[in-house]
Amino acid sequence: MCRLLSHDVVEVDVTKGNCGIRVVGAVAGAALLLSGCGSASHDARPAAKRRPVGMAHQGSAPLPVPKGKGSKTPDDFNGDGHRDLVLNDLVKGESHGDDAGIGVVYGTSRGLAPAARQLLSPAKLAARTKGQLPAVFDAEASCDLDKDGFTDLVVSTDPPYDGQGQPPVPLQILFGSPQGLAGQAVKLAIPARARFGNDWPDQPVCGDFDGDEAQDMVVHASDGRLSFLRGPFTRKGAPRAAGAPVVPAGEVAGNVPTGPAVDVNRDGYDDLLVRTAEGRAAAAVVLGGPAGPTRPGFSLPTGSDVVFGRFGKGKGLDAAIGSAGGTALRYEVPGTLRGELAVPGTALDTGDFDGDGLSELVSSGTELKVFRGREGGLSASDVSTVRPPARGTTRVLAVADFTGDGRADLAVRTYRGETKDTVAVYAGEKAGQTGGPVAAGPRITFSTAEFLRTN
């Protein structure tokens, strides 16, 4: 039985599953990440009086965060078994105004409920450094760092720094709980022995790199070194252990970590993508092992973005490397089966929208191109277009199963300037149905302006 949240939420279909893995080629706001919000919920009135599916209800009061008991679902901050969405970019009340913080939309058995939202502002939740609150709060990574069944959120801040010596650690952790991300943030504790040089310790990536079933974290050090922090972490932000900075063997210079992590060779250890820099850059995969991400892996072509998924040509994991001139395909990485799509791929995402076990590839732009995963691999002849519900610049927020039906959904944000935006969530379509693997129209739309009314 589905619990009715309120009459202010638009009815949403159930959707599930995500077979692809996004590995963004720089600091991932994406990061992660994760995904959107607004004012949708199920209407308990007779069907004839319900609002049309996809209509956003503006100005709804926020609902309480549903309470959970802990789960193994990714991005489940309140532990109720339903995936939540993180919004790193919110509209502002006026142009050039202050950043409001991070928005979170909580999931339910019927998908995302934009009215069940939470605003994470540095003024209320950040830890102080030298008595000073940060002005910046950006979501960087999400994982269950303390193994309590509630996903935690790693955020970056702007602590005071005079430019002398090693800068302070800018990363803080917001721990999940039955009430969601409700407690005060704590600073990530990186032991002195795990630091090197005077670069900012940033670019966090979560993963089980040493195979002990606890989430670890890798952050950038300096001169190609990585700080490997073994989980689980304490509630004070300290790792279980951390040694001298790791120097991955045989990979590209720079070694800037990106995420999320993925077990490319299926040996039980998560592996790590590293790059030389932001933007168009060389990339390589460093293999995990008992000592963490230290073993030599393989290189990938230069590009702007890298994603992994099962696109269908072969049985292993495949890679898509995007650039402005096209998208290179590497099947069964690091194998020799290759392909190419003559479409720009500066922003890529992947997931199994139709539930057939193969990943689709999404290429972002003014329109979203979705290439269907097939047994023969990706092809430019099997592509569909998702048109955003508003004009402007569109970016993918998340490809994830928000409703538990085994198919991934697509959450995107379209914005025009700093004060207007539309978030839309498109459902994955069951394999064999007419049309593309993603529904032509959104099931939920809303504006992040809702968060300005939250606190």
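**Exercise 1. Decide whether L272 is buried or exposed in this predicted model.**

Solution. Start with the relative accessibility: for L272 the value is 1%. Next, take the cut-off: buried means under 20%. L272 therefore counts as buried.

**Exercise 2. Place L272 in its secondary structure and list its contacts beyond the sequence neighbourhood.**

Solution. First, find the element. L272 belongs to strand β14, which spans residues 271–275. Second, set aside the neighbours within four places in sequence. The contacts of L272 are then V205, F209, V218, L226, P257, T258, A284, V285, V286 and P293. T258 and L272 are 14 residues apart along the chain. Their C-alpha atoms are separated by 7.4 Å.

**Exercise 3. Determine how many residues of strand β6 are buried, and which way each side chain position points.**

Solution. Begin with the range: β6 covers residues 152–156. Count next: five of its five residues are buried, so the strand is mostly covered under the 20% cut-off. Now sort by direction. D152, V154 and S156 point one way. L153 and V155 point the other way. Residues of both groups are buried.

**Exercise 4. Identify the strands that pair with β6, and name a bridge partner in each pairing.**

Solution. Take β5 (residues 138–143). β5 pairs with β6 in the antiparallel sense, over five bridges. Here A141 has V154 of β6 as its bridge partner. Then take β7 (residues 171–174). β7 also pairs with β6 in the antiparallel sense, over four bridges. Here V155 has Q172 of β7 as its bridge partner.

Terms used
Residues numbered from 1 in each chain as written. Predicted model: local features only at pLDDT ≥ 70, side-chain atom pairs only at ≥ 80, totals over all residues. Heavy atoms only, no water. Helix = DSSP H or I, 4+ residues; strand = E, 2+ residues; numbered from the N terminus. Buried < 20%, exposed > 50% of the residue type's maximum accessible area, 1.4 Å probe, protein only. Contact = heavy atoms within 4.5 Å. Pairing = 2+ DSSP bridges.
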